[in-house]
Amino acid sequence: MAAGPRVLLVTCSTFPDGEPGHEHLDAALTERGISSRWVSWDDPYVDWSAAELVVVRSTWDYETRLVDFLGWAGAVGSRLVHGVEVFRWNTDKSYLVELAAHGGVPVVPTVSVDDPVDLRAAIARHQPAVVKPRVGAGGRGMVVVYDAGTWLPVDPGPWIVQPLVESVMTEGEQSVFVLNGRPVSQVRKVAGKDDYRVHEWYGGTSYETPLDPGAALLAARTVAVCTELLGSELVYARVDLMRHDGELMVSEVEITEPGLYLDHVPANATHFADSLAARL
């Protein structure tokens with residue numbers, strides 16, 4: 001009987017073949033003699049114990065099924081890169097509050113809110129404010145509120161509240177990819193003229209840009225602080241940065257399922273494959 005793949009790359013049923021540009025990662029792993037296969041995290045027929053490494057890549061439906069997703073991650077156990085406790089921390093955006101409190105990393109001011117009354121007060125402090133579900137992905141559920149007195153939330157919460165960072169419409173958001181603790185590449189994402197979200201399905205534009213020394217240093221420091229907070233090695237992460245009040249600040253740290261933008265930065269596949277090869 002032929003041996004199964006050494007690495008299982010985990011996706012969801014919406015992206016059965018893997019994340020956009022997955023063919024670059026497939027080729028990079030093959031070049032290193034590493035057999036791999038893309039599988040959906042909720043596929044009941046996958047034998048997770050047969051692989052040496054299980055690596056979450058594009059499980060972009062977790063936000064509506066978080067309990068199931070974390071239950072799956074816990075069941076996979078030690079083969080899973082990063083693991084359930086890292087995912088539990090990173091899939092709730094209140095980690096930004098903890099990250100800011102730890103010190104050493106500038107974070108876009110963030111308030112975590114559970115109660116609608118507190119939500120209104122938080123919006124009033126930051127008006128105009130960005131309100132996001134604490135568990136969310138792809139900009140879904142994110143709104144800008146200009147008047148706390150008249151706005152009513154649609155999402156049931158809990159939420160995080162941040163000031164509207166105006167530079168996202170001009171300078172955009174910078175994403176630095178940190179693999180094996182080292183910044184390796186950078187993507188600039190700019191919102192479209194009719195929206196404040198940088199995601200391409202909302203009219204945003206993404207493209208590779210040279211690695212900026214300041215952004216790289218901040219991203220590396222951010223991953224180091226997250227490693228300290230979690231007590232766990234972080235093999236891969238994407239650190240999203242925005243300029244607020246003239247200073248580059250962390251807007252998010254994607255550790256669970258960060259898109260690698262392989263269709264824009266094919267070289268990320270090489271770095272990611274090297275990271276996995278070092279652990280096999």
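Predicted model: local features only at pLDDT ≥ 70, side-chain atom pairs only at ≥ 80, totals over all residues.
Over the ring of which residue does the charged end of Arg57 sit? Select Arg57 and Tyr236: the charged end of Arg57 sits over the ring of Tyr236, 5.7 Å from its centre. Here a charge sits over a ring if NZ of Lys or CZ of Arg is within 6 Å of the ring centre and within 35 degrees of the ring normal.

Residues are numbered from 1 along each chain as its sequence is written, and side-chain values use heavy atoms, with hydrogens and water left out.

Next, select Phe69 and Phe87. Their rings form a stacked aromatic pair, 5.9 Å centre to centre with 25° between the planes (ring centres of Phe, Tyr and the six-membered ring of Trp within 6.5 Å; planes under 30 degrees apart are stacked, over 60 edge-to-face, the rest tilted). Phe69 lies in helix α2 (residues 66–76) and Phe87 in helix α3 (residues 84–90), so the pair ties together parts 18 residues apart in sequence. Helices are DSSP runs of H or I with at least four residues, strands runs of E with at least two, numbered from the N terminus. Phe69 is buried at 0% relative accessibility, and Phe87 is buried at 0% (buried is under 20% relative accessible area, exposed over 50%, partly exposed in between; 1.4 Å probe, protein chains only).
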